[in-house]
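Please look through the sequence and the structure below, and then follow the explanation from one part to the next.

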Amino acid sequence: MKAKILIVEDEPAIQELLAFNVMQAGFQPLRAEDADSAWQQIRSNVPDLILLDWMLPNTSGVVLAKQFRADAHTREIPIIMLTARGDERDKILGLESGADDYITKPFSPRELMARIRAVLRRHMPAMPEETVAAGGLELSPAAHRVTAKGSSVELGPTEFRLLHFFMTHAERVYNRAQLLDQVWGTQVFVEERTVDVHIRRLRAALEPSGMDGLIQTVRGSGYRFSTR
Ligand code: CA
């Protein structure tokens, strides 16, 4: 089955070019030119990935990414943000809004397709099905559920994989490069700072249950999941 890629882009020429490249790469393109039409598309056809332009009329890509992350139907769909901005602060803002990756215009179709494949691989690969438990947390890959002391924790797809890795590799310190390799995969072009953004999001999700302390920063080395 072809993976469906929803392209949310208001400039017709760029939307056309993206749809063409997505199709050439063997995916099925779905199109929208703003937030309303994106939601309309999603209601009739749930995509496997969303290519989201930052600069959209009315509702910006950043706001829309936050909406996708807040909605149960779209929470787990990976998002790649497209933008003309190359600024580092914008990049972090894009990732914090809920995007999984970020690509700056102009980009080569080859680079974009490589990133789409990497993000899809990251979200689709088989994960061991057994439920893992540690420090009051329980994570079920099969049900895609995390509970903290019995209450449900809502995580984005990358945070879910990150927590799964931590819980199955407790008490060991991993640096950013190791976490990128283990959780994101070696084919991904993301920068090491991306790890910090996802760690922050993971801690924020665990905070209400008071379990954010399980994810420890080891100064100068990286991060560790520890129940001690
Ligand atoms: Ca635009």
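Glutamate 9 is buried, because its relative accessible area is 0%, where buried means under 20%, exposed over 50% and partly exposed in between, with a 1.4 Å probe and protein chains only. Aspartate 10, with a relative accessible area of 29%, is partly exposed. This is a predicted model, in which local features need pLDDT of at least 70 and side-chain atom pairs count only at pLDDT 80 or more, while totals for chains, interfaces and linings use all residues. Residues are numbered from 1 along each chain as its sequence is written, and side-chain values use heavy atoms, with hydrogens and water left out.

Both residues belong to the calcium site, where the protein donors are Glu9 (OE), Asp10 (OD), Glu11 (OE), Asp53 (OD) and Met55 (O), lying 2.1 to 3.1 Å from the ion. Donors are N, O and S atoms within 2.8 Å of the metal (3.2 Å for Na, K and Ca), and since water is not among the atoms, sites may look incomplete. Along the sequence, the spacing of these donor residues is E-D-E-x41-D-x1-M.

Turning to another part of the structure, threonine 83 lies in strand β4 (residues 79–83), strands being DSSP runs of E with at least two residues, numbered from the N terminus. Threonine 83 is buried too, because its relative accessible area is 0%. Apart from its neighbours within four places in sequence, threonine 83 is in contact (heavy atoms within 4.5 Å) with Trp54, Tyr102, Ile103, Thr104 and Lys105.

Definitions and conventions:
Helices (H or I, at least four residues) and strands (E, at least two) are DSSP runs, numbered from the N terminus.
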